[in-house]
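Subject: Model for your files, with notes

Hello,

Here is the structure I said I would pass on. My notes on it are below.

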Amino acid sequence: SGPAPQVFVLFGATGDLARRKLFPALFHLDRAGLLPETRIVASGQRPRSEEDFRDHVCRSLEEFAPEEGDARERREFAAGVSYRAASTDNGADLASLVRRTEEELGEDAERLLYLSVPPSVMEPMVRMIAKEGFDARARLVVEKPFGTDLASARELDAAIHDVMEESRVFRIDHFLGKEAVQNILTLRFASGLFEPVWNRHHVGYVQIDVPEEIGLEGRAGFYEATGAFKDMVSTHLFQLLSFVALEPPARLTAEALRDEKTKVFESLRPLDPDRVVFGQYEGYREEEGVDPRSTAETFVALEARVDNWRWSGVPFLLRTGKALRAKRRTITVGFHGPPLKMFDLADEDCEGVDELVFELTDEPEITIEVRAKRPGPDLDIAPARFVLDFARSFAGTEPLEAYERLLLDVMRGDPMLFTRADGVERLWEVCDPVLREPPEPIGYPQGSWGPEQADALAAPRGWRVSRD
Ligand code: BG6
């Protein structure tokens with residue numbers, strides 16, 4: 001049987017994430033017949049009429065899920081959404097609506113509290129939730145970033161643990177809901193082919209590269225306070241790193257897997273600010289809502305080191321930024337070249353020529369690049385690719401978008417793909433040297449690959465994505 005009926009209480013419902021991802025995700029799950037009976041109780045700071053808010057939901061779906069359903073279906077979906085204003089010091093109205101809705105849904109209804117609010121109000125919101133008695137039997141979903149440094153993350157975790165036990169807390173990092181990320185686990189542990197070479201003896205480097213073409217998209221307030229490092233690196237990119245680097249868990253349970261992730265974070269060397277490049281795109285300071293002297297970074301590239309037996313000596317290179325040349329979300333595992341040169345190849349064509357590449361798109365792509373003989377009379381060697389053929393192997397299936405997958409997991413009570421307090425806190429420790437001494441952001445032109453200084457980190461082969 002599927003999950004019980006849900007009362008989905010969304011804090012921060014007028015924000016960007018709700019409109020861009022959460023409403024479209026719930027709408028798609030509903031249309032795909034995957035959503036249990038669900039009532040959405042939305043809340044934001046400002047009082048708004050229910051009608052006004054439902055229009056807002058319809059417009060969000062139109063804009064961000066244009067292919068999904070028609071106007072009538074959008075209206076029907078929005079009709080199931082109610083709205084109440086709530087703030088960190090007053091949630092009484094909202095609480096009574098939630099209780100009424102729950103009674104209507106019946107005894108087995110479950111309560112899901114989704115905190116899509118900025119880090120600065122997260123902790124007071126958690127306290128308000130407890131004060132108004134929202135916490136009873138509820139699951140709590142917390143959006144990243146979880147705190148802004150070790151001290152604030154500890155405070156937030158303490159506030160959350162005052163209210164509910166860790167097993168009901170779901171810290172969401174939507175990158176972990178991406179199909180291809182789960183395929184890192186299946187390739188590594190459901191097959192015997194890759195694991196024997198998944199170590200320092202065979203791997204020369206790992207790159208986790210998430211360039212974006214978009215700029216601020218109206219999120220100046222959030223971005224000025226957060227910056228690319230906390231928005232993407234200390235969260236998404238390090239989470240991806242843990243899936244690449246972790247040891248095989250003793251069994252496939254949420255706790256065993258998350259124990260292994262925490263061990264990776266424990267093994268991470270605190271970042272060396274000399275191996276971190278910050279950038280800021282030209283024109284950023286002129287964007288609406290941005291301080292004309294802002295030092296917020298819109299680009300980060302860095303080298304991380306996992307100091308354990310498996311990975312000692314292997315650089316993990318992380319890069320992300322806004323207003324870059326292309327949008328990609330790519331994990332590359334680069335392998336050492338052959339021990340002897342049999343073919344006529346330049347040295348730089350030997351090391352790192354074999355690359356296993358995960359594209360974390362909604363329809364995942366996994367390829368292995370090797371060298372092959374070009375057809376014809378000569379022994380001419382050139383790059384060629386193995387491609388994992390998802391379309392043919394799994395014809396007729398439809399992938400879920402990351403938030404869709406993770407929202408279902410919360411409703412099913414499965415925390416496997418969510419982050420745990422201990423891991424998050426350790427990550428802030430790893431990031432601490434950079435938070436204390438952030439590098440000066442270097443200007444870069446929009447539509448470029450960021451500051452040149454970032455290329456030196458990935459020498460000699462360079463960033464795979466920039467080579468494509
Ligand atoms: C979000 C960040 O968490 O992830 C955004 O706040 C970023 O700045 C986004 O654009 C990227 O997510 P996706 O799923 O579009 O790759």
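The model is predicted, so local features are reported only at pLDDT of at least 70 and side-chain atom pairs only at pLDDT 80 or more, while totals for chains, interfaces and linings use all residues. Residues are numbered from 1 along each chain as its sequence is written, and side-chain values use heavy atoms, with hydrogens and water left out.

Ligand site

The ligand has 14 residues around it, and those that come nearest are His-174, Glu-212, Asp-231, Lys-322 and Arg-329. A residue counts as near if one of its heavy atoms lies within 4 Å of the molecule. By class, the shell holds nine charged, three nonpolar and two polar residues. Here Asp, Glu, Lys and Arg count as charged; Ala, Val, Leu, Ile, Met, Phe, Trp, Tyr, Cys and Pro as nonpolar; and the others, Gly among them, as polar.

Which element gives the largest share of the shell around the ligand? Helix α8 (residues 220–245) does, with three residues. Helices (H or I, at least four residues) and strands (E, at least two) are DSSP runs, numbered from the N terminus.

For Asp-231, a side-chain N or O atom is 2.6 Å from a ligand oxygen. His-174 places a polar side-chain atom 2.8 Å from an oxygen of the ligand, and for His-236 the distance from such an atom to a ligand oxygen is 2.8 Å. On its own the ligand has 400 Å² of accessible area, of which the protein covers 87% (Shrake-Rupley method, 1.4 Å probe).

Annotated domain and its sheet

An unreviewed UniProt entry places "domain: Glucose-6-phosphate dehydrogenase NAD-binding" at residues 9–183. Such annotations may be inferred rather than shown by experiment. The span is 49% helix and 18% strand, and its end C-alpha atoms lie 31 Å apart.

Six strands form an open sheet in the order β3-β2-β1-β4-β5-β6, with parallel pairing. Two strands pair if DSSP finds at least two bridges between them. At the edges, β3 (81–85) and β6 (169–172) each have a single partner strand, so one side of each lacks a neighbour in the sheet. Neighbouring strands are turned by 20° against each other on average, direction ignored; the axes are lines fitted to C-alpha atoms, and angles run from 0 to 180 degrees between N-to-C directions. Strands β1 (residues 6–11) and β4 (residues 110–115) pair in the parallel sense over six bridges, with Val-7 opposite Arg-111 in β4.

Another open sheet has nine strands with mixed pairing, ordered β14-β13-β12-β11-β7-β10-β9-β8-β15. Its edge strands, β14 (381–387) and β15 (442–444), each pair on one side only. The twist from one strand to the next averages 20°. Within this sheet, β7 (residues 203–211) and β10 (residues 315–321) are joined in the parallel sense by six bridges, and Val-206 stands opposite Phe-316 in β10.

Backbone details

Most residues other than glycine have a negative phi, and most peptide bonds are trans. Lys-144 and Pro-145 are joined by a cis peptide bond, with omega about -5°; Pro-145 lies in the loop between β5 (138–143) and α6 (150–163). A cis bond also joins Ala-459 and Pro-460, with omega about 5°, and Pro-460 sits in the loop between α13 (453–457) and α14 (464–467). Glu-217, in the loop between β7 and α8, has a positive phi near 55°.

Regards

Note on methods
Polar contact = N/O pair within 3.5 Å; in protein donor to acceptor, adjacent residues only side chain to side chain.
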